[in-house]
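Subject: Structure handover

Hello,

The structure is below, followed by notes on what was found in it. Please read the notes alongside the model.

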Amino acid sequence: MTTLLALDTATEACSVALLHDGKVLSHYEVIPRLHAQRLLPMVQALLGEAGVALSAVDAIAFGRGPGAFTGVRIAIGVVQGLAYALQRPVLPVSTLATIAQRAWREHGAAQVAAAIDARMDEVYWGCYREHGGEMQLVGSEAVLPPEQAVLPRDAGDDWFGAGTGWCYAERIPAAVRASDAGMLPHAEDLLRLATFAWQRGEALEADQAQPVYLRDNVATPKGIK
């Protein structure tokens, strides 16, 4: 049986999840600015709870962004360190896709407009549809002003808005039946997406674990926290 470990620190949430013997365990905390201190202890606690050695992990999945610059870098640093030490591949997963997957799991939303507050009066934006239990991107992900966040041309009806970018709901022209601006990515959903990617043979070498910021200038002082 495949054993996969998933880590996410791209937003205020810090979470880890493990797939082993067909069962999923996860730990999730909303702890802004404490990710660096808590991530590895959370991994150790999760593995201990499952009774699984780190060496039993076949691949490590991580939230590749978009999200907070520091948070994304923390996950990638830890994942690369573990993957190099274990000589295991990695599975990068979009943070927006992870939010959409959570909306599918918790709300049964088959079409999700995922948005993360990108600061600087912008949102990270991506639209997803469910296919066989996997939320798949429709179009492309982008960073843009809320007023430019639109649904795909063939959108149809019954979309759900998920993620902190929906704090700008009054400015977003996309028509959704409901939204949850408090929804953050969860490693359990990242793990689900990573499982699909693993089955398709999409794992990468550790040195290919790269962040996706969408915004070119990630070091602007007024930028992402």
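**Asp117 and its surroundings**

Leaving out residues up to four places away in sequence, Asp117 touches Glu122, Thr164, Gly165, Cys167 and Tyr168, where contact means heavy atoms within 4.5 Å. Asp117 is part of strand E6 (residues 111–117); strands (E, at least two residues) and helices (H or I, at least four) are DSSP runs, numbered from the N terminus. With a relative accessible area of 16%, Asp117 is buried, because buried means under 20% relative accessible area, with exposed over 50% and partly exposed in between (1.4 Å probe, protein chains only).

The side chain of Asp117 has a polar contact of 2.8 Å with that of Arg119 and another, at 3.4 Å, with the side chain of Tyr168. A polar contact is a pair of N or O atoms within 3.5 Å; within protein, one must be able to donate a hydrogen and the other to accept it, and residues adjacent in sequence count only if both atoms are side-chain atoms.

**Basis of the values**

This is a predicted model, in which local features need pLDDT of at least 70 and side-chain atom pairs count only at pLDDT 80 or more, while totals for chains, interfaces and linings use all residues. Residues are numbered from 1 along each chain as its sequence is written, and side-chain values use heavy atoms, with hydrogens and water left out.

**The two domains**

The protein splits into domain 1 (3–94 + 185–208) and domain 2 (95–180), with bounds from an automatic or database domain assignment. Their centres, taken over C-alpha atoms, are 23 Å apart. In the interface, 21 residues of domain 1 contact 17 residues of domain 2.

About 1500 Å² is buried between the two domains, and carbon and sulfur atoms give 52% of this area. Buried area is the accessible area (1.4 Å probe) that two parts lose on being put together, summed over both. On the side of domain 1, Pro66, Ser94 and Asp189 lose the most area to domain 2, together 36% of what that side buries.

There are four salt bridges between domain 1 and domain 2, each a side-chain nitrogen of Lys or Arg within 4 Å of a carboxyl oxygen of Asp or Glu. Arg105 and Glu188 also form a salt bridge through their side chains (4.0 Å, N to O). Helix H4 (residues 187–199) supplies six residues, the largest share of the side of domain 1 that touches domain 2.

**Cysteines**

The number of disulfides (cysteine sulfur pairs within 2.5 Å) is zero. For Cys167, the nearest cysteine sulfur belongs to Cys127, 17 Å away.

Regards
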